[in-house]
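I'll jot things down as I look them up.

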Amino acid sequence: MIISANFKTFKTRLETGEYLTQLEESLENSSQEVLIFPPLTALQTHNGRVKVGTQNSYPIDSGAFTGEIGVEQLDEFNIKTILIGHSERREIIGESQKEVAEKFRFFAEKGFKIIYCIGEPLSIRESGKEALHNYLQSQFDDIDIDYENFAIAYEPIWAIGTGVTPTLEEIEDTLKWIKEFSNRSLLYGGSVKLNNTEEILELPSCDGILVGSASLKVNDFIQMIKIADSLEKR
Ligand code: PGA
């Protein structure tokens, strides 16, 4: 399974280094694919079981894009994994589907592992299944779903950072619907906590999780990985 942590705008470079050390020490007997996405200033070369990815990059090698970074800066730390389409970037930063798709195309061409995020606002969820599917479908506009090296993270916007999650049936239903047109690994994200990790990972269509606030405590994140390991041994 893919167990991933999105630090968002939390943690310094030093804290991220300490986190990685502790995480690596716990992974000896784990078979999970573990990814962490620290803030840009905490990106660092890391040789170990954990893959360090970037939460963002401009789709350029290098150039005049004030405040952004490009592949040249990622290469310095051998970063080959990127989060694209997170709802905080779509909603707060204002990234359009066109921009998101352009990033996807660019980083796919570079061979990056992409965690591609999709998810609906509450108003869409409350409008019924057809509205939900149409909305999620539109987030695949101009996305090459045949690209080999990507996983999809389904993260309902109303579940992110709120402590509210869809029912297990709703999560499974949506993941199953995505599985019908894409055979990529499917992650769920949005208020994943220690106490709901097992039931979410147990869902038949769920191949992993993308964890925000609950990943900030390394011991909790380590526990989540252990839960994934215990499920696979069953
Ligand atoms: P959360 O964030 O776990 O804090 O809800 C998830 C995410 O935004 O990836």
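I started with the largest pocket: 13 residues line it, and Lys8, Thr9, Gln55, Arg89 and Ile93 are the ones nearest its centre. A pocket here is an open set of points on a 1 Å grid over the protein atoms alone, where a 1.4 Å probe fits, with protein on both sides within 12 Å along at least five of seven lines; lining residues have an atom within 4 Å of a point. The model is predicted, so local features need pLDDT of at least 70 and side-chain atom pairs pLDDT 80 or more, while totals for chains, interfaces and linings use all residues. I count residues from 1 along each chain as its sequence is written, and side-chain values use heavy atoms, without hydrogens or water.

I noted a volume of about 360 Å³ for the largest pocket. Helix α3 (residues 87–93) gives the most to the lining, with four residues. The lining divides into five nonpolar, five polar and three charged residues.

**Ligand next**

Which residues are closest to the ligand? I found Lys8, His86, Glu155, Gly161 and Ser191, among 13 that surround it (one heavy atom within 4 Å). By class, that shell holds four nonpolar, seven polar and two charged residues.

Then I looked up polar contacts (N or O atom pairs within 3.5 Å). A side-chain N or O atom of histidine 86 is 2.7 Å from a ligand oxygen. Serine 191 uses a backbone N or O atom, at 2.8 Å from a ligand oxygen, and serine 213 has a backbone N or O atom at 2.9 Å from one. The ligand taken alone exposes 280 Å², and the protein buries 99% of that (Shrake-Rupley method, 1.4 Å probe).

I traced an open sheet of eight strands in the order β3-β2-β1-β8-β7-β6-β5-β4, with parallel pairing (at least two DSSP bridges per pair). The edge strands, β3 (51–52) and β4 (81–84), each pair on one side only.

Note on methods. Polar contact = N/O pair within 3.5 Å; in protein donor to acceptor, adjacent residues only side chain to side chain. Nonpolar A, V, L, I, M, F, W, Y, C, P; charged D, E, K, R; others polar. Points joined across faces, edges and corners; volume = space filled by probe spheres on them. Helix = DSSP H or I, 4+ residues; strand = E, 2+ residues; numbered from the N terminus.
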